[in-house]
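Morning, everyone. Please bring up the structure, and I'll walk you through it.

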Amino acid sequence: MRRREFLATVAVASLVPQVTGRAAAAAAPAAAAPEQLKLGVASYSLRKFPFDKALEMAKACDVRYINFKDVHLPRTDPPEAIKAARAKTEAAGFTIMGGGTITWVQKGPSWQPSDTEQVRKDFEYAKLAGIPLIVAAPSFEALDTVEKTAKEFDIKVAIHNHGPEDKFFPSPYDVYKHVKGRDKHMGLCVDIGHTWRAGVDPTKAVLELHDRVYDLHVKDLSNLKERDSQVIVGKGAIDFPALFRALVKIGYTGHVGLEYEIDVDNPLPGMLQSFAYMRGVLAGIRQT
């Protein structure tokens, strides 16, 4: 059995009640251990479902954190609808960790005032929706405008790497070299699946680029080079114990958002299994 499988197995076993009475009471404080990582849902996982159903399914995953794709919180909605959705989300017990991915690429051959205006509209939407961080896919030409607007609105931007097909930011290192000299509002959303497909170990990237790692999209792959090899987290080739240890080591406080892109018509069973595995890994880390 591989080390990561052993850790997860031990961790899951530790979650099963084994004692009763006085012994159980003595063990109870361990269940209240401080939160190590903010496990949550990237709502793109639930893209086939309307807002209310998506919230219900996210709640079934027993998480408190969510990142909204605009299929659930549309940028084109009137302000009243956006504020109502925010209130409903918070009333359901969720903390909104971010929104996106939002794409900012010039419409013509060069960056135009209309492109700048669109960026501004998206930040106004984020402020209204209670989104503290925008996960973004900008072009190089957009970066100056995005940085300036992020500072003005005091909203962080985490640029998402999309793997070998991304002509701007294939890996976290490609993002980092473009943001390291910019304002601290500019950072990274590390998609661990796309990162592996770009030939980069996300654990290494998290450790080396930690000062700008603001968000994480989680998925697992059975083949680290194949986009379409996504599987339930824990059933693939990604070393989650190593990754989670790295996140704990750097004191990461951002979202660890499950972006479950398979089983689109019935994602909940796989999402539940994925969270069970990730919680097992964290429990194993806590015990070692």
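One definition before we start. A residue is buried under 20% relative accessible area, exposed over 50%, and partly exposed in between. Take aspartate 263. With 42% relative accessibility, aspartate 263 therefore counts as partly exposed. You'll find aspartate 263 in the loop between strand 10 and helix 11, which covers residues 268-287. Its phi is near 50 degrees, a positive value in a residue other than glycine.

Keep in mind that this is a predicted model. Now the overview. The protein has 288 residues, and 49% of them count as buried. Its secondary structure comes to 11 helices and 10 strands. Look at contacts between residues at least 6 apart in sequence: 76% of those join residues at least 24 apart.

On to the barrel. Eight strands close into it, in the order 1-2-3-4-5-6-7-10, and the pairing is parallel. From one strand to the next, the twist averages 30 degrees. As a reminder, strands of a sheet pair through backbone hydrogen bonds, either parallel or antiparallel.

Let's look at two of those pairings. Strand 7, residues 213-218, pairs with strand 10, residues 255-258, in the parallel sense over four bridges. Within that pair, histidine 217 stands opposite glycine 257 of strand 10. Strand 4 and strand 5 also pair in the parallel sense, over four bridges. There, valine 135 stands opposite alanine 158 in strand 5. How much of strand 5 is buried? Four of its five residues are, so the strand is mostly covered.

Next, a helix on the barrel strands. Helix 5, residues 113-129, lies across strand 3 (95-104), strand 4 (133-138) and strand 5 (156-160). Helix 5 runs at about 165 degrees to strand 3.

How many cavities of 30 Å³ or more does the structure hold? One. The largest cavity has a volume of about 40 Å³. Its lining is Phe68, Asp70, Gly99, Gly100, Ile102, Tyr125, Ala126, Ile131 and Ile134. Strand 3 gives the largest share of that lining, three residues. Strand 3 and helix 5 each supply at least two. By type, the lining divides into six nonpolar, two polar and one charged.

Proline 78 and tyrosine 125 are 47 residues apart in sequence, yet 9.6 Å apart in space, C-alpha to C-alpha. Proline 78 sits in the loop between strand 2 (65-68) and helix 4 (79-91). Proline 78 is partly exposed, at 44% relative accessibility.

Lining it are 15 residues, and the closest to its centre are Lys156, Val213, Tyr214, Thr253 and Gly254. Strand 7 provides the largest share of this lining, three residues. The residues divide into seven nonpolar, five polar and three charged.

Two serines next. Serine 139 is in the loop between strand 4 and helix 6, residues 143-153. Is serine 139 buried or exposed? Buried, because its relative accessible area is 0%. Leaving aside neighbours within four places in sequence, serine 139 is in contact with Trp104, Val105, Gln106, Trp111 and Phe168.

Serine 229 is in the loop between strand 8 (220-221) and strand 9 (230-231). At 10% relative accessibility, serine 229 counts as buried too. Not counting residues up to four places away, serine 229 touches Asp220, Leu221, Ser222 and Asn223.

Last topic: backbone geometry. Most residues other than glycine have a negative phi, and most peptide bonds are trans. Where does this model depart from that? Look at the peptide bond from glycine 100 to threonine 101: it is cis, with omega near 20 degrees. Threonine 101 belongs to strand 3. Glycine 100 is one of the residues lining the largest cavity.

Then there is aspartate 62. Its phi is near 60 degrees, a positive value in a residue other than glycine. Aspartate 62 is in the loop between helix 3 (51-60) and strand 2. With a relative accessible area of 61%, aspartate 62 is exposed. Aspartate 263, our opening example, also has a positive phi, but aspartate 263 counts as partly exposed.

That's the tour. Thank you.

Note on methods. Residues numbered from 1 in each chain as written. Predicted model: local features only at pLDDT ≥ 70, side-chain atom pairs only at ≥ 80, totals over all residues. Heavy atoms only, no water. Pairing = 2+ DSSP bridges. Axes fitted to C-alpha atoms, helices over the stretch in contact; angles between N-to-C directions. Contact = heavy atoms within 4.5 Å. Buried < 20%, exposed > 50% of the residue type's maximum accessible area, 1.4 Å probe, protein only. 1 Å grid on protein atoms, 1.4 Å probe; cavity = no way out; pocket = protein on both sides within 12 Å on 5 of 7 lines; lining within 4 Å. Nonpolar A, V, L, I, M, F, W, Y, C, P; charged D, E, K, R; others polar. Points joined across faces, edges and corners; volume = space filled by probe spheres on them.
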